[in-house]
Amino acid sequence: MSRLKSSVVIHIGAWLIFMMLPLITTPGPEGTNKIITVFQTSNYWVSIAIYLFVFYFNSYLLIPKLYLQKKYLLYTVAVIGMLAAAYFIKRSVDVPYFRNAVMNGERTPPPGDRPPGDRPFRDSMRPFNDSSRLFADTTRHFPGEMRGEGGPPPNDGNFGPRRQPFMRHPVDLFAIFLLCTIWALSTATRITQQWRETEKRAVKAEADKANAELSFLKAQINPHFLFNTLNNIYSLAVRQNENTAASIMKLSNIMRYVTDEVNRDFVSLQSEVECITDYIDLQRLRLNKKVLVDFSVTGNTEGKRIPPLVLMTFIENVFKYGISSHESSVIIIKLFAEEKSITFFCQNKLFATERKAERTGIGIINTKQRLEHMYPNRYLLNITTGDGFYTVQLTLQI
């Protein structure tokens, strides 16, 4: 709405400046009398109306209905017809006005558009032959006049049948130029506006596509995460573990976080750390003494933001693939919160019976796609499987 108001103000300002031009270009006394004289001239307002019509008729009808529909030939014919009609209507109003001005003996023609070559009349209208240069009349001259010897008086200022100026009028090149300029400005303004709207629609479509993809990825992550957690609690309940109630409380905290925060693009890093802590505590309840979990958070987490659950996929995989019922193992999870970056590190031992193919499953793929959306060219993800360990290191530039 503000953009529409701004456009209206710009149009009104531009037309007001255009309407003031005759006050500068028209000869005559300066001051209030000149302004009143200009604004009381009917052909001035007719000219303004014609220019307004050409501008907006072309901008809001011809271009949308013909040019933008690729009907170029029809548009060209319509523009030529519009300009020709505007020119002849303007001339039909201007010429009688100038005829009356000459016949009334005015010093200067009325304000507005004058025929080419027009200039202030002299005080006495004495050398009436000047009108032949002003209006290109084809009057019949007396022989004495042709020899510069003078001739009969101009019949008290009234033109008799011998003198008929305006019988033929030259082409008003200035009016044609002005009409073509108005049409060109109208076309340029409309085409520029259309180009901006097209660009805006393209950007919006791209943003909508990215948001739709991100929402789809989040929808895939949440059921996957909750499914694994419920399996863990189920295993505790089957064994009638005394920590089952505590596990349910941890799950409740995680569910609240998932429900309230996961639909946002970014959440506080502290909230994400609390969710990770609850999840690790929940996992510890079912682990045996052969598994050691080393979890630590270093640095200041306040004031930093991160996409929700973006680290959870890697943590889930650590507990899914880094535990063996026959061998001891160490799970390392570390988070470093620095001033302008967040670094996540996790590592677990590889076992011979591990299903390596699942490591590149939907969770990791979705997380990579989320990172592409949220941190374009601002993240580094490095996953290695060397020396018998599966290692993930993720650095986010914030």
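How many bridges join strand 4 to strand 5, and in which direction do these strands run? Six bridges join strand 4 (residues 329-337) to strand 5 (residues 341-349), and the two run antiparallel.

## The model

This is a predicted model: local features need pLDDT of at least 70, side-chain atom pairs count only at pLDDT 80 or more, and totals for chains, interfaces and linings use all residues. Residues are numbered from 1 along each chain as its sequence is written, and side-chain values use heavy atoms, with hydrogens and water left out.

Five strands form an open sheet in the order 2-4-5-7-6, with mixed pairing. Strand 2 (291-299) and strand 6 (379-384) stand at the edges. Each has a single partner strand, so one side of each is left without a neighbour in the sheet. The twist averages 5° from one strand to the next.

Two strands pair if DSSP finds at least two bridges between them. Helices (H or I, at least four residues) and strands (E, at least two) are DSSP runs, numbered from the N terminus.

## Helices on the sheet

Helix 9 (residues 269-284) packs on the sheet and touches strand 2, strand 4 and strand 5. Contact means heavy atoms within 4.5 Å. The direction of helix 9 makes about 170° with that of strand 2. Angles run from 0 to 180 degrees between N-to-C directions, and axes are lines fitted to C-alpha atoms, for helices over the stretch in contact. Helix 10 (residues 312-321) lies across strands 2, 4, 5, 6 and 7, running at about 10° to strand 5.

The axes of helix 9 and helix 10 come within 11 Å and cross at roughly 10°. The two helices are therefore roughly parallel to each other (angles under 35 degrees count as such). C275, I276, Y279, I280 and Q283 in helix 9 meet M312, I315, E316 and F319 in helix 10. These contact residues divide into seven nonpolar, one polar and one charged. Ala, Val, Leu, Ile, Met, Phe, Trp, Tyr, Cys and Pro count as nonpolar, Asp, Glu, Lys and Arg as charged, and the others, Gly among them, as polar.

## The largest pocket

A pocket is an open set of points on a 1 Å grid over the protein atoms alone, with protein on both sides within 12 Å along at least five of seven lines; lining residues have an atom within 4 Å of a point. The largest pocket is lined by 20 residues. S7, H11, T189, Q193 and R196 lie nearest its centre. Helix 1 (2-25) gives the largest share of the lining, ten residues.

Key:
1 Å grid on protein atoms, 1.4 Å probe; cavity = no way out; pocket = protein on both sides within 12 Å on 5 of 7 lines; lining within 4 Å. Parallel < 35°, antiparallel > 145°, perpendicular 65-115°, else oblique.
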